[in-house]
Amino acid sequence: MNVKTIDICVVTYNRLEYLKLCVWSILASTTIPYRLFVISDNSTDGTNAWLLEMKKLGKIDEVIINSENLGSAESFNRVIRATSSEYFVMACDDIWFHRGWDTASLSILNKFNDCGIVTFFNIPQLKSYDQSTKIDETTHKIQATGLGASIVSRKLYDAVGKFSLPANLKMGYFAGPFCGKANKTKLVRRNQYVTVPEYAVQMDRYNPGGKSRPPLHQEYLYLDYNSRRSIEKKKHIAHNHQKK
């Protein structure tokens, strides 16, 4: 397999400070040829103006701004449809790309011909996964991943179909169903891997610049994400209860 270029898709919504860190980390650490696509899900915190300026400066290849808040699943669908590479990266705006993320991920794709998805951020909760097989010190084969920062085969994405959420939810809860469907396709490259390389230890630090010094370590981001997702889940439960 020879990946000549890769499209990186980032979804953001009203998290400008995190987005800046995410984008600059991509620019600083990516060594393979790539194009960067960022979609703003109708942000209102200055994100759109910053993205357009970054595109003007040539730092971002394509900016998509939703005219209404569509939620994370449909925003990913929309930005992925704008890309064309054989494998694409999907990432949330709170992900920090470290040096080596691309070569570590591509080495797994090249090594395992059944691999259709590689998640490349450190997963603190990996030990709690029931269906995880340790390949070596930096590689695990897994039944389902969160897709928060992953390289995905376009053929697999097309075979499974678009990401989807219940009508009243805006984020989370689409990765699990997608991964489950991926496992059932007839494609050879349908399985999922996680890379936990040595560079992941760098996540346990603070951003050296800026006054706010937002914590960047993955465990914090994971807990923060789950806290926000929990709020969405409660909305979903309340909505279903009202329908009954």
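Reader: Let's start with glutamate 62: is it buried, partly exposed or exposed, and why does it count that way?

Author: Before we dig in, keep in mind that this is a predicted model. Glutamate 62 is partly exposed, because its relative accessible area is 30%, and buried would mean under 20% while exposed would mean over 50%. Glutamate 62 also has a partner: it forms a salt bridge with lysine 55, and the closest N and O atoms of the two sit 3.6 Å apart. Lysine 55 has a relative accessibility of 35%, so it counts as partly exposed too.

Why do such pairs turn up? Side chains of opposite charge can pair when their charged atoms come close. The structure has seven salt bridges, so let's visit some others.

Take arginine 81 and glutamate 74, whose closest N and O atoms are 3.2 Å apart in their salt bridge. Arginine 81 counts as exposed because its relative accessibility is 53%, whereas glutamate 74, at 24%, counts as partly exposed.

Arginine 15 and aspartate 93 form a salt bridge, with 3.3 Å between the closest N and O atoms. This pair connects distant parts of the chain, 78 residues apart: arginine 15 belongs to the loop between S1 and helix H1 (16-29), and aspartate 93 to the loop between S4 and helix H4 (101-111). Both arginine 15 and aspartate 93 are buried.

Now for a charged residue without a salt bridge. Arginine 189, in the loop between helix H6 (175-184) and strand S9 (191-195), is buried yet has no such partner. The nearest side chain of opposite charge belongs to aspartate 114, and that is 6.5 Å away; a salt bridge needs the nitrogen and oxygen within 4 Å.

One last stop is helix H3 (residues 72-81). Seven of its ten residues are buried, so H3 is largely enclosed by the rest of the structure. Among those buried residues are Phe76, Val79 and Ile80. The cover over the buried residues of H3 includes strand S1 (6-12), strand S4 (87-92) and helix H5 (154-160).

Terms used:
Residues are numbered from 1 along each chain as its sequence is written. This is a predicted model: local features need pLDDT of at least 70, side-chain atom pairs count only at pLDDT 80 or more; totals for chains, interfaces and linings use all residues. Side-chain values use heavy atoms; hydrogens and water are left out. Buried means under 20% relative accessible area, exposed over 50%, partly exposed in between (1.4 Å probe, protein chains only). Helices (H or I, at least four residues) and strands (E, at least two) are DSSP runs, numbered from the N terminus. Contact means heavy atoms within 4.5 Å. Lys and Arg count as positive and Asp and Glu as negative; His and the chain ends are not counted.
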